[in-house]
Amino acid sequence: MEQKYNIVSLIRKKRERKSLSANEIKYIIKAYTHNEIEDYQVSAFLMAAFLNGLNNEESAAFTESMLHSGIIVDLSEIPGIKVDKHSTGGVGDKLSLILAPVVASAGVPVPMISGRGLGHTGGTLDKLESIPGFIVDMDLDRYKEIIAKHDLVLAGQTKEIAPADKKLYALRDVTATVESIPLIAGSIMSKKLAEGIDALVLDVKYGSGAFMKSLDDAIQLAETLVGIGEQFGKKTIAFLTNMNQPLGNAIGNWIEVKECIDAMHGTGPDDIMKLSNLLSGTMIYLGGKADSIEEGIRISEQQIQNGEAFAKWLDIVEEQHGDTDLIRNPEKYPETGHRFELKADQDGYINSMDSFEIGMASLELGAGRRTKEEHIDPAAGIMLKKKVGDKISKGETILEGFTNKADMIETVTDMLRGAVAITSEAPAPEPLVSHICDSEGTRAFEL
Ligand code: URA
């Protein structure tokens, strides 16, 4: 018989910096999954774990209990090496929507389980749901049916896959308990190990818009994630990527989908094209369709140029009941009631763009949630007209905002003004990707 514990004593123990046993951690995760303990108690536990950390034994128990809160999907009847990618979360990070169809069109099955917006970062599911009709919630049979038919599925957690993470993720989002290495590692790896993959590519972000602000913390997170993947027999490669400014130009939901459509036609912003081809290329390599990451990148570029990636995207949108007419004609999407611009108040160069503040500003415009129940406005968001290093003249537009919340425009404009610094000298360029981390260790990587 499984032991029961007093949750208040467990919260107190963690609050007092004592270690919990594996059984105590397992109890918390299981009891929460089965609604036997309350949101407010788990919130207190998460904050204590966030502030005082989890040791290696606690972290391993946390990931394992989340993984075993549901089933591990068996996709062995689907031929091929199944590969997925996951990002630790960023602002304007829409790459999953591009690389999933690219990689599937190259013959590598991609069973992708994604999350919703978390904190100041956007979520793949919210972006997909901005396509009218698109269904991300499905049962396991439908998940398997779609991946078997298209070599691709873009799903939310089914009730069978890491249900504990689904609940904890929503709670962490609204209790300021996201930025913790063991909590992030458990969340990501429980979903990924449960979804039926053979290999995994991770995009581990560092900088102002990432959950890990410093490169050192991001490397520690990458090494933890790769270690868990390899321990479960999944070939795992992580890249350390720069989130000191938003990725691409669009931040929101539908406007990010629109930018992905451009990328699938080969006309996305430079940083989007480079990073998505690197990650797709690595997935194609891990999927056994290329002999090296470089060859994988070439195949990825070719899948965009020959139109096969976009054709795969149309197939999956149609299969998951999304409106393909809007994907073909994105200009038909209904606009928000209000649009505003932020203009430069001096000549110079864009020196920095605080992606955390820009992510929060987009959330305030309606593109993210402040409570678990809040609905997202699919058309709200921010479009950058300039990026770090760009020259700008006084009066020129730095960015545009889109919202249906007229009363937020003034506050958000102030936030955005504070988030963008203009200087007379151009800043030194920063690399988009700094390191690679795999079973051989972590080393510098140049793109
Ligand atoms: N992505 C996840 O799935 N979980 C986290 O905790 C952070 C990013």
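How much space lies in the largest cavity? About 310 Å³. The model is predicted. The count comes to two cavities of 30 Å³ or more.

**The largest cavity and its ligand**

The ligand takes up the space of the largest cavity. Strand 1 (83-87), helix 8 (163-173) and helix 9 (181-194) each give two or more residues to the shell around the ligand. Helix 9 gives the largest share, four residues. The shell holds four nonpolar, four polar and two charged residues. Among the residues around the ligand are Leu 118, Tyr 169, Arg 172 and Ile 184.

On its own, the ligand has 240 Å² of accessible area, and the protein covers 97% of it.

The lining of the largest cavity counts 29 residues. His 86, Ser 87, Gly 89, Gly 122 and Tyr 169 lie nearest its centre. Helix 9 again gives the largest share, here five residues. By type, the lining has eight nonpolar, 13 polar and eight charged residues.

**The second largest cavity**

This cavity has a volume of about 170 Å³. It is lined by 23 residues. Nearest its centre lie His 120, Thr 121, Gly 122, Ala 367 and Gly 368. Strand 6 (250-252) and helix 16 (355-367) each supply at least two lining residues. The largest share, four residues, is from helix 16. The lining divides into six nonpolar, 13 polar and four charged residues.

Methods
Residues are numbered from 1 along each chain as its sequence is written. This is a predicted model: local features need pLDDT of at least 70, side-chain atom pairs count only at pLDDT 80 or more; totals for chains, interfaces and linings use all residues. Side-chain values use heavy atoms; hydrogens and water are left out. A residue is near a molecule or strand if one of its heavy atoms lies within 4 Å of it. Accessible areas come from the Shrake-Rupley method with a 1.4 Å probe; for residues, only the protein chains shown count as cover. On a 1 Å grid over the protein atoms alone, a cavity is a set of points where a 1.4 Å probe fits but cannot get out, and a pocket is an open set with protein on both sides within 12 Å along at least five of seven lines; lining residues have an atom within 4 Å of a point. A molecule sits in a cavity or pocket if more than half of its atoms lie within 2 Å of its grid points. Ala, Val, Leu, Ile, Met, Phe, Trp, Tyr, Cys and Pro count as nonpolar, Asp, Glu, Lys and Arg as charged, and the others, Gly among them, as polar. Grid points are joined across faces, edges and corners, and a volume is the space filled by probe spheres set on the points.
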